[in-house]
Amino acid sequence: MIDRLLFKIKGSRHIMIRLVGLYVLQAFLILGQGLSLAALLTGLWQGHTLLSQVYWLIGFIVCYLLRHGLTEVGNGWLDRYSSVAAQNFRQQLLKKVFELGPVIVQREGTGNMVTLALDGIKEVENYIQLIYSKVISMMIIPVLLLIACFWLDWISGVVMLLVYPLIVLFMIILGYAAKAKADRQFAAFQVLSNHFIDSLRGIDTLKYFGLSKRYSQSIYRSSEQFRKSTMSVIKVAMLSTFALDFFTTLAIAVLAVFLGLRLINGHLLLFPALAILILAPEYFLPIRNFASDYHATLNGKNSFHAVLKILNMPLPKKPAIKLHQWSDNDQLTFDDVKFTYPHEGSELANLNLTVKGYQKIGIIGMSGAGKTTLINLLSGFLAPTTGKINIQDQEVATLDINSWQKQILYIPQTPYIFADTLKNNIAFYTPDVSEDKIKEAIHVVGLDDLVAELPQGLSTMIGSGHRALSGGQAQRIALARAFLDPSRKVMIFDEPTAHLDIETELELKKRMIPLMENRLVFFATHRLHWMKQMDHILVLKNGKLIEQGTYQQLLDKQGYFVELLNQTKGKEITHG
């Protein structure tokens with residue numbers, strides 16, 4: 001029931017030593033508190049005045065205050081340690097996800113990764129805080145109290161010793177039942193998280209095809225499954241807590257009756273009988289606290305193992321080669337490259353492609369044709385299953401090469417806007433750039449109107465929780481970043497205008513085309529009016545590159561490209 005991996009976290013040895021010392025001291029204070037109270041009551045029972053017993057009263061108050069003071073000190077230590085440990089886990093998790101690339105997000109699910117990095121790490125923090133305090137107190141306090149009870153009355157000590165394992169056994173049985181249900185609840189939560197994020201992403205498409213109401217039933221079923229699994233866990237938790245409280249209370253009651261009978265028969269004095277009766281609840285309290293909080297930590301344990309699973313994943317092997325900056329004389333070749341997703345079965349196969357120098361390459365196809373997979377292969381986020389890649393006359397297994405990725409400017413459908421000033425967002429790739437250059441970039445991409453309406457101009461905070469931006473404005477910021485970094489000669493666009501209206505897209509198009517000059521550009525889109533500006537076009541269908549060539553060559557061929565044009569005729573292809 002206790003996770004050993006928890007005690008291998010950085011700094012765990014130090015905090016454990018401090019907590020052991022604290023709980024040993026606290027155990028002696030509990031003994032002092034119990035013995036002082038027993039002595040005070042015994043003295044009063046024997047007819048002594050309260051004034052004559054004031055030393056026992058002061059002793060009880062001092063022990064009581066110090067005991068609870070130490071509890072606050074220990075909680076403070078654990079708060080700080082668990083907070084630092086959780087922050088380290090979050091940093092390691094985000095770093096690992098970044099190193100593994102989009103493949104890990106595709107495999108685990110976007111919703112699952114987001115909830116793991118946010119709520120999951122918070123649950124891990126709570127798990128660390130509770131388990132350390134409960135486990136160490138359970139290992140120390142009952143042992144010292146039992147020794148004291150043996151010293152006071154060995155028969156009562158034997159009774160307490162025999163009862164304790166029975167309660168532990170009962171707790172283990174119920175704990176395993178709760179763990180099984182909590183595992184199912186965690187799995188249902190992962191499904192619900194992924195389902196919810198996927199639904200948000202595809203809400204426009206679902207509404208367009210009139211499927212939003214039908215799909216809402218799927219979300220309802222997922223949420224109902226999670227609700228039922230949660231209620232099942234709560235039922236077991238309440239039942240086990242009630243049962244454990246009942247048995248510990250019953251054990252204390254039996255001990256009290258046993259002590260009372262021995263006291264009446266004259267086999268035991270009042271002081272040891274009272275002391276044992278006062279210490280008995282304290283003897284069972286750590287295991288009761290551990291059992292009740294165990295259910296609260298089950299999600300934290302699941303999240304902890306989910307984080308460790310990702311942290312322990314091996315990193316893909318990067319080719320130990322160095323590439324120079326892409327020039328007009330360089331060449332990139334894909335020879336019969338194939339990539340297959342392990343769980344989904346979809347693939348990109350028979351990819352033969354040669355790219356030379358600076359040119360604009362359009363990548364088109366219907367949804368699911370393999371555009372994003374090809375973009376991820378070109379970016380180095382995915383490694384081919386089979387096939388050969390040759391770049392700058394060097395054969396490599398993957399484009400996951402530092403010197404290649406440092407040359408790339410990547411502009412996705414929705415560029416990330418940091419919670420920072422407009423100036424810092426634009427200067428993301430080039431933090432040392434001058435303000436004059438930033439203003440020039442703003443003018444080139446058409447952000448002058450936005451800056452004019454911002455209350456603090458370039459110093460205005462934007463992003464999450466601050467000034468909201470439209471999709472077109474976010475794309476312009478991404479373009480301004482690209483404008484400020486001319487050293488990066490490879491640009492990759494992944495459906496950059498998918499969520500924009502056609503008027504905004506055409507306005508952006510005028511700004512984007514000049515930025516593509518003297519660069520190698522890969523432009524994946526389903527809006528075909530861009531293809532007239534491309535030097536070479538790749539046409540994908542069902543995971544295969546079925547056509548490639550210039551715009552005019554593909555028109556003359558009268559193949560799948562023309563079929564796509566005819567399907568979209570009268571829509572966006574009439575523009576530009």
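The second largest pocket is lined by 18 residues, and Tyr23, Gln26, Thr71, Lys134 and Asn289 lie nearest its centre. Its volume is about 350 Å³. Two or more lining residues come from each of α1 (12–45), α2 (54–100), α4 (110–152) and α8 (270–296). Helix α2 gives the most, with six residues. A pocket here is an open set of points on a 1 Å grid over the protein atoms alone, where a 1.4 Å probe fits, with protein on both sides within 12 Å along at least five of seven lines; lining residues have an atom within 4 Å of a point.

The model is predicted: local features need pLDDT of at least 70, side-chain atom pairs count only at pLDDT 80 or more, and totals for chains, interfaces and linings use all residues. Residues are numbered from 1 along each chain as its sequence is written, and side-chain values use heavy atoms, with hydrogens and water left out.

An unreviewed UniProt entry carries the annotation "transmembrane region" for residues 20–41, 53–70, 131–152, 158–178, 236–261 and 267–285. Over residues 20–41 the chain is 100% helix and 0% strand, with end C-alpha atoms 31 Å apart. Residues 53–70 are 94% helix and 0% strand, and there the end C-alpha atoms are 26 Å apart. Helices are DSSP runs (H or I, at least four residues), as are strands (E, at least two).

Phe246 lies in helix α7 (residues 212–264). Together with Phe242, Phe247, Leu250 and Val254, Phe246 makes a nonpolar surface patch of about 510 Å². Such a patch joins nonpolar side chains within 5 Å, from residues with over 30% relative accessible area and no salt bridge.

The structure holds 11 salt bridges. Each puts a side-chain nitrogen of Lys or Arg within 4 Å of a carboxyl oxygen of Asp or Glu.

Buried means under 20% relative accessible area, exposed over 50%, and partly exposed in between (1.4 Å probe, protein chains only).

Lys437 and Glu440 sit three residues apart in helix α13 (residues 435–445), about one helical turn. Lys437 is partly exposed at 42%, and Glu440 is partly exposed at 37%.

Notes:
Patches are made of residues with over 30% relative accessible area and no salt bridge: like charges are joined within 9 Å, nonpolar side chains (Val, Leu, Ile, Met, Phe, Trp, Tyr) within 5 Å. Accessible areas come from the Shrake-Rupley method with a 1.4 Å probe; for residues, only the protein chains shown count as cover. UniProt positions are given in the numbering used here, feature names are shortened, and annotations may be inferred rather than shown by experiment. Grid points are joined across faces, edges and corners, and a volume is the space filled by probe spheres set on the points.
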